[in-house]
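Reader: I am new to reading protein models. Please take me through a single part of this one, slowly and with the numbers.

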Amino acid sequence: MSGAEVATLGLATRAFASLSPQLLVAASTAVSLFSWLQLAKVTIPAAVASLAILATIPFHLSAFYYHLTKDNFFDLDSYVAKGIEGHPNKKLSFKDRIKVAALNELSVGRKVGRSSEAHPLTSGKSPFIEGLDVSSLRGPSDPPLPAPEIVVGTIRMGFGHHRIAYSACSWGLQGQHKVLFHDLLNIKSPEADLIRETDKKYSLASRIATEMGSFFERIWGSITKSGDANMLRGTSLMAENIKPLLNGLPKDTPIIATHSLVGLTAVACGFTNVINLVIDNYPQWFVIVPGAVNLVQGPINHRAFLRWGVPESEVRLPGGGGAPRRSTRRWTPR
C-alpha cells in the first residue's frame, strides 16, 4: 500500500468521525487490519481462513459458559434476572455469556482446578491489634486452628478492604468475642496466587488498553468498569475455584466479608451465616453477594437492591443497637 493510499484511507476515517463514533472505530480497525495483512504479506485465502476460525470463538465461549456454571453452588443467573414482580431484569444474553467466559479464561483459565478440599490452617497474634488472631497456612509443627467465634474475611487489594476488616474486628473484640482475621492472600497456596495474579493482570491490561487507546480502551472499559451482573458472574466463577481457602473453617461460624469475592466464596463453600459489608455507595451488582446478608451504608443502595429483586432478607441498612457504625463513605471502627 502506497503512502498516498494510506493518507486517503486516513482522511476517510476522519470523515466518518463527524457522522458516528462507531463508524470511526470500525473504519480505523479495518484500516489497521488491512495494513497489517499488507505488511505481513498474508494472502487473501489465508486471511479469510483465519477470520473464519476467529469467527467461531464467540460460539465456543458461549457454550463454555454453560460448562462453567453447571455445577455451581448457586444459580446466579436466575437470581439476577428475577427483578421485582412485573419488572424482571435483563436476561442472560449471548453477548453476556461470551463476556463472562472470556473474563474467566483470562483470570482463571486452567491454573487452578475446582476442589472441595481444605487447606490446613493455624493462627498467630496480630502485631497491630491486641487480642486479634490472624490465620495462615499450617506448617508441620504448627498447632491446629482454634475454633473462632467470628471470622472477618478480606483480601489485601489496596488498603481499603483491610481497613474495613480491622474496623469490623474492633467491634467483635469489644464484645469479648474470639475473632479471626482471615486474609485470603495470607494463605500461601495456588488459590492465593491466582487472586494475586488476577489483580496484576487487571492492572496490566488496564495500562495496555489506555496506552493503545481508541477501540481497545473502549472494549476494556465496557468489560471492567460497569460493575454489572456480568462482573458478579465472573467473580462468582472465580469463587468456585478458591474454596480451599475457606473450607478449613467451620461452616456454622459467622463470617463477615469485606470483599465480595470472600463473601461469594463463603456462600459457595456452604457457610450458613455470611455477612457482606457492601464497600461502595453506588449501587451495582458487583458488590452484592447472593445468599448472604448484604449490609449497605445508605438508603440509595438499599432501595436499589430491593428494586432489582434482591430479597429483603438479604439487604440490611444497619443503624442503632449493636450494629457497626457507618460514615457517609466507609465502615468505621468501634
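Here is a close look at one strand and its surroundings.

Author: First, some ground rules. This is a predicted model, where local features need pLDDT of at least 70, side-chain atom pairs count only at pLDDT 80 or more, and totals for chains, interfaces and linings use all residues. Residues are numbered from 1 along each chain as its sequence is written, and side-chain values use heavy atoms, with hydrogens and water left out.

Now the setting. The chain holds 11 helices and eight strands. Helices (H or I, at least four residues) and strands (E, at least two) are DSSP runs, numbered from the N terminus. Of the 334 residues in the chain, 43% are buried. Buried means under 20% relative accessible area, exposed over 50%, and partly exposed in between (1.4 Å probe, protein chains only).

The eight strands form an open sheet. Its order is β1-β2-β4-β3-β5-β6-β7-β8, and the pairing is mixed. The edge strands are β1 (121-125) and β8, and each pairs on one side only. Two strands pair if DSSP finds at least two bridges between them. Strands of a sheet pair through backbone hydrogen bonds, either parallel or antiparallel.

Where does β4 sit in the sheet order? It lies between β2 and β3. Strand β4 covers residues 179-183. Five of its five residues are buried, so β4 is largely enclosed by the rest of the structure. Both of its faces are covered. Val179, Phe181 and Asp183 are buried on one side. Leu180 and His182 are buried on the other.

Take the neighbours in turn. Strand β2 (residues 133-137) runs parallel to β4, and two bridges join them. Here aspartate 133 stands opposite leucine 180 of β4. Strand β3 (residues 150-154) also pairs with β4 in the parallel sense, over five bridges. In that pairing, threonine 154 has aspartate 183 as its bridge partner in β4.

Next, the charges. Side chains of opposite charge can pair when their charged atoms come close. A salt bridge is a side-chain nitrogen of Lys or Arg within 4 Å of a carboxyl oxygen of Asp or Glu. By this rule there are eight salt bridges.

One of them reaches β4 itself. Aspartate 183 forms a salt bridge with arginine 156, and the closest N and O atoms are 2.5 Å apart. This pair links distant parts of the chain. Arginine 156 is in the loop between β3 and α6 (159-174), while aspartate 183 is in strand β4, 27 residues apart. The two ends differ in cover. Arginine 156 is partly exposed, with a relative accessible area of 41%. Aspartate 183 is buried, at 3%.

Aspartate 133 meets lysine 125 through their side chains, at 2.8 Å, N to O. Lysine 125 is exposed, with a relative accessible area of 59%. Aspartate 133 is buried, at 7%.
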